[in-house]
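Subject: Structure for your review

Hello,

Here is the structure I said I would pass on. My notes on it follow below the entry.

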Amino acid sequence: MKSFLLSTLLPELDLRDAVAFARAYPHPWLLRESMPRHSAHASGATVLMPAPGVPSSEVTALAIALEPARAGATQVTMGRGHACDVELDDGTLSQLHCVFLKSADGWRVEDLGSTNGTWVDGTRLVNRQPVLLSDGTPIQAAQVRLTFHDSTGLWRRLEAEALRP
């Protein structure tokens, strides 16, 4: 599974050529919208809340290529378990939290009976009922914030980041 910090993709971005970018990175993407975290407990337990005083300019997103790990596969699993295609170290995720399914009409996401739920565009998913995704769709898996992008949408996001003061 390929993943990049947006800041590492920016130098490769040719702001004049979205087509070349799409050729180099043709798959859809999940952007893990990061939020600084801090531990508020002496035990070291992670508390999922913004760290005080951290400017938003120091927050970056992780771009995760949404491509099946095995040739011919049509799904990508996500969770905190080692068997997942996208393994995220976040205690609010279930071991096998959700699955992204490639179909003729695009990509869908399905909650797999997770403890803390999956939301698409603010609506909690019903177990085992996949929802179609479009460019820019916000997804929240437990406390993990993601945004689904096609290749062109990721290029537009990078372009916006590059033009940010």
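This is a predicted model: local features need pLDDT of at least 70, side-chain atom pairs count only at pLDDT 80 or more; totals for chains, interfaces and linings use all residues.

**Overall figures**

The chain has 165 residues, of which 38% count as buried. Its secondary structure consists of 3 helices and 14 strands. Among contacts with a separation of 6 or more, 51% are between residues 24 or more positions apart.

**The sheet**

An open sheet is formed by 7 strands, with antiparallel pairing, in the order β1-β5-β2-β14-β13-β10-β11. Its edges are β1 (3–5) and β11 (123–124); each has a single partner strand, so one side of each is left without a neighbour in the sheet.

At the β1 end, 3 bridges join this strand to β5 (residues 61–65) in the antiparallel sense. S3 is placed opposite I64 of β5.

The hairpin of β13 and β14 has 2 residues between the strands, and A142 in it takes a positive phi near 55°.

**Two buried residues in the strands**

F148 belongs to strand β14. Its relative accessible area is 5%, which is under the 20% cut-off, so F148 counts as buried. Beyond its neighbours within four places in sequence, F148 contacts a set of residues including P28, W29, L30, L66, W107, L133 and I139. The C-alpha atoms of F148 and P138 are 6.5 Å apart, although 10 residues separate the two along the chain.

T118, in strand β10, is buried with a relative accessible area of 0%. Its side chain makes polar contacts with two others: with the side chain of H97 at 3.2 Å, and with that of D111 at 2.6 Å. Not counting residues up to four places away in sequence, T118 also touches C98, T123, R124, L125, I139, Q140 and A141, among others.

**Helix α3**

This helix lies across β2, β5 and β14, and runs at about 35° to β2.

At the start of α3, a side-chain oxygen of D150 comes to within 3.3 Å of the backbone nitrogen of T152. The buried residues of the helix are S151, G153, L154, W155 and L158. In general, an α-helix has 3.6 residues a turn, so residues three or four places apart point the same way. The cover over the buried residues of α3 includes α1 (6–9), α2 (18–24), β2 (29–33) and β14 (144–149).

Regards

Key
Residues are numbered from 1 along each chain as its sequence is written. Side-chain values use heavy atoms; hydrogens and water are left out. Buried means under 20% relative accessible area, exposed over 50%, partly exposed in between (1.4 Å probe, protein chains only). Helices (H or I, at least four residues) and strands (E, at least two) are DSSP runs, numbered from the N terminus. Contact means heavy atoms within 4.5 Å. A polar contact is a pair of N or O atoms within 3.5 Å; within protein, one must be able to donate a hydrogen and the other to accept it, and residues adjacent in sequence count only if both atoms are side-chain atoms. Two strands pair if DSSP finds at least two bridges between them. Axes are lines fitted to C-alpha atoms, for helices over the stretch in contact, and angles run from 0 to 180 degrees between N-to-C directions.
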